[in-house]
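Student: I would like to go through this model by asking where each label comes from. Could you set every value against its cut-off?

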Amino acid sequence: MGPLSARLLMQRGRPKSDRLGKIRSLDLSGLKLLSEHLDPKLLSRLTQLQELDLSNNQLETLPANLGLSHLRILRCANNQLGDVTALCQFPQLEELSLEGNPFLTVSDNLKVSFLLPKLRKVNGKDASSTSSQVENLNRELTSRVTAHWEKFMATRSPEEEAEKAQADFVKSAVRNVRYGPESLSEFTQWRVQMISEALVASGGTQVHETGIPERPSKATAAQEPRARPMALKRSGDVSLSLSPSKRGCPSPPAHVEGSPMGSDGSQPALDLEPLHFLQCHSKNNSPRDLETQLWACAFEPAWEEGQAGATSQTVATCGGEAVCVIDCQTGIVLHKYKAPGEEFFSVAWTALTVVTQAGHKKRWSVLAAAGLRGLVRLLHVRAGFCCGVIRAHKKAIATLCFSPTHETHLFTASYDKRIILWDVGVPNHDYEFQASSQLLTLDAASIPLRLCPVASCPEAYLLAGCEGGCCCWDVRLDQPQKRRVCEVEFVFSEGTEAPGRRVDGLAFVNEDVVDEGIVLCGDEEGNVWVYDVRHILTQQPPLPAAPHAPTQLDEPTQKHGYVNRHGSVSCRKCTFTWELPEQAPRSSSSSERPGNLEFLLCLREPPKHCPRAFDLELTI
């Protein structure tokens with residue numbers, strides 16, 4: 001599609017007219033329009049336009065001077081928009097559609113609500129609750145920026161140049177003023193910069209929500225301001241395009257404590273407390289489904305540059321036929337992907353650079369999910385669709401792992417006792433993965449349950465926990481053999497019982513410790529153990545045979561319930577058994593139960609009389 005013409009606008013406009021100034025509704029959908037095709041000089045002649053449809057095109061931005069001051073309805077679904085700030089040129093906008101723009105985030109949804117004071121509907125949903133949340137955020141951010149101004153200026157000398165001090169204040173405010181969950185940090189930093197710049201421009205006088213558009217009384221009266229940020233906990237407040245999800249009813253948290261003290265007695269006891277109760281993996285969203293297992297979780301990589309290995313507050317979980325993406329701070333299910341007939345056992349994230357049709361580069365998180373059917377699904381999480389499928393194994397896939405040094409390299413481990421290294425490639429401008437290539441096949445003596453690249457040389461060696469023990473392979477691609485057996489096998493002592501040979505959890509202590517030298521693990525009885533390994537990390541070889549005696553998370557008393565030594569959360573009516581199952585042995589058979597690993601607690605064997613069950617998330 002080339003540049004727009006007046007003739008095309010008259011053909012697609014309503015009512016039919018030979019004058020652009022009389023058109024009130026215009027449909028430009030499905031024309032493969034790029035941003036440069038929207039000619040402001042031409043479109044500004046549509047002086048009476050009230051409804052514009054730009055959906056199903058390839059727009060990455062909207063020109064900032066379209067001149068459509070009377071526009072009330074705008075549809076921009078299924079484009080490539082990466083920013084919404086240009087929407088401020090439409091102050092009369094009442095209805096907006098932005099579905100299917102994969103690079104827009106929760107923060108962009110809040111920006112939309114801030115920039116458009118008359119907005120009533122977004123993506124077909126009422127926007128008043130989000131408007132109320134934005135107003136609450138603005139009040140709190142304005143208060144915090146003002147307090148930061150007073151503190152900042154108190155440390156400055158009178159001789160310091162005023163202009164430099166003011167510029168330094170804006171940078172300091174953006175860096176230090178924080179409020180709300182991590183998922184909203186882009187929006188809050190954007191607003192903090194605006195508020196601090198307005199404060200500087202006013203000479204430091206009190207800012208009364210400067211720059212906040214005046215809203216209709218219905219929106220402002222929708223909710224009274226709250227002193228605490230609990231408004232962020234409401235499921236309708238954060239995302240304007242959330243998938244329907246089931247929220248668990250309030251329940252007293254299981255308070256877990258009992259960490260070992262430091263040698264000087266100065267370390268406080270480790271205090272672990274469940275943050276949210278969710279039941280988002282039940283079959284057909286039924287609260288009566290007490291059998292669906294939650295198998296694995298993985299945190300999304302951080303987007304900031306220079307933070308290799310860092311993770312965000314967004315976690316993906318899998319179990320049954322669903323994969324869920326959850327904001328850990330709010331407990332909200334941001335996205336939910338289902339594959340009928342599948343049972344997902346594992347998820348893994350990577351971050352890829354995608355080149356759009358206009359030649360621009362975008363950073364994009366990809367989630368791989370696999371399970372019973374031996375297929376790997378590559379999910380575009382933000383857009384909510386599957387953009388590639390790898391037919392990896394004929395048997396079920398037990399676990400997945402992306403290489404930390406090659407973002408497109410994916411290891412898949414299957415019940416066929418094989419581990420395969422794939423190059424999934426980079427998606428094209430339509431966000432579709434092409435055929436993946438198989439790089440290596442690693443043969444295991446037993447079923448691999450957990451994969452972990454060796455921390456000191458992740459590009460060279462892969463460690464796997466298996467049904468029969470622990471094995472290590474050389475995975476360097478400059479070697480000629482494309483099919484390999486394990487290089488090293490970790491042998492258990494004589495007389496070890498068969499169940500003890502199973503390794504369903506792996507972690508390198510220097511990368512995965514909790515609270516600097518504290519390691520958590522689980523056992524087959526559902527117990528969670530806390531080991532103090534600080535004395536081992538500081539000693540020279542040879543190391544002692546075992547770390548200090550562990551502290552068991554055991555029976556903290558609660559008003560309505562407790563966590564007992566057998567791993568169950570008990571209350572007046574129900575008992576929930578919990579465990580840590582990230583990469584446990586998988587089976588759809590009821591005779592086999594999941595094993596134990598770190599960070600996520602879930603329902604294991606609920607009692608028949610219990611009317612409701614919840615997955616239990618433990619935030620460390």
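Predicted model: local features only at pLDDT ≥ 70, side-chain atom pairs only at ≥ 80, totals over all residues.

**Labels and their cut-offs**

Student: What makes up the contact of helix 3 with helix 6?

Tutor: From helix 3 come Ser107, Asp108, Leu110, Lys111, Phe114 and Leu115, and they meet Ser185, Glu186, Phe187, Trp190, Arg191 and Met194 of helix 6. Contact here means heavy atoms within 4.5 Å. By type, these residues divide into 6 nonpolar, 2 polar and 4 charged. Ala, Val, Leu, Ile, Met, Phe, Trp, Tyr, Cys and Pro count as nonpolar, Asp, Glu, Lys and Arg as charged, and the others, Gly among them, as polar.

Student: And why are helix 3 and helix 4 called roughly perpendicular?

Tutor: That pair packs at an angle of about 90 degrees, with the axes 9 Å apart. The value lies inside the perpendicular range, and that is why the label applies. Leu110, Ser113 and Phe114 of helix 3 meet Thr130, Ser131, Gln133, Val134, Leu137 and Asn138 of helix 4. The residues of this contact divide into 4 nonpolar, 5 polar and no charged.

Student: How do you know that helix 3 is mostly covered?

Tutor: Count its buried residues: 10 of its 10 qualify. Buried means under 20% relative accessible area, exposed over 50%, and partly exposed in between (1.4 Å probe, protein chains only). Among the buried residues are Val106, Asn109 and Val112. The buried residues of helix 3 pack against strand 5, helix 4 and helix 6.

Student: What makes a run of residues a helix or a strand?

Tutor: Both are DSSP runs numbered from the N terminus, helices being H or I with at least four residues and strands E with at least two. In this chain, that comes to 9 helices and 34 strands.

Student: Which residues have the most contacts inside the largest nonpolar core?

Tutor: Leu54, Leu62 and Leu74, in a core of 60 residues. The elements that give two or more residues to this core are helix 1, helix 2, helix 3, helix 4, helix 5 and helix 6. A nonpolar core is a set of buried Ala, Val, Leu, Ile, Met, Phe, Trp, Tyr and Cys residues joined through side-chain atoms within 4.5 Å. Leaving out residues up to four places away in sequence, the partners of Leu54 include Leu62, Leu74, Arg75 and Asn79.

Student: Is Ile73 buried or exposed?

Tutor: Buried: its relative accessible area of 13% is under the limit. Ile73 is found in strand 4 (residues 73-75). Beyond its neighbours within four places in sequence, Ile73 is in contact with Gln50, Glu51, Leu52, Leu93 and Glu95. Leu96 is 23 residues away in sequence, yet its C-alpha is 6.1 Å from that of Ile73.

Student: Why does Asn78 count as partly exposed, whereas Asn123 counts as buried?

Tutor: Asn78 has 39% relative accessibility, so it falls in the in-between class. Asn123, at 14%, is buried. Asn78 lies in the loop between strand 4 and strand 5, and Asn123 in the loop between strand 6 and strand 7. Neither is a glycine, and phi is positive in each: near 60 degrees for Asn78 and about 55 degrees for Asn123.

Student: What makes Ser446 count as buried?

Tutor: A relative accessibility of 15%, which is under the cut-off. Ser446 sits in the loop between strand 21 and strand 22. Its contacts, not counting residues up to four places away, are Lys417, Cys466, Glu467 and Gly468.

Note on methods:
Residues numbered from 1 in each chain as written. Heavy atoms only, no water. Axes fitted to C-alpha atoms, helices over the stretch in contact; angles between N-to-C directions. Parallel < 35°, antiparallel > 145°, perpendicular 65-115°, else oblique.
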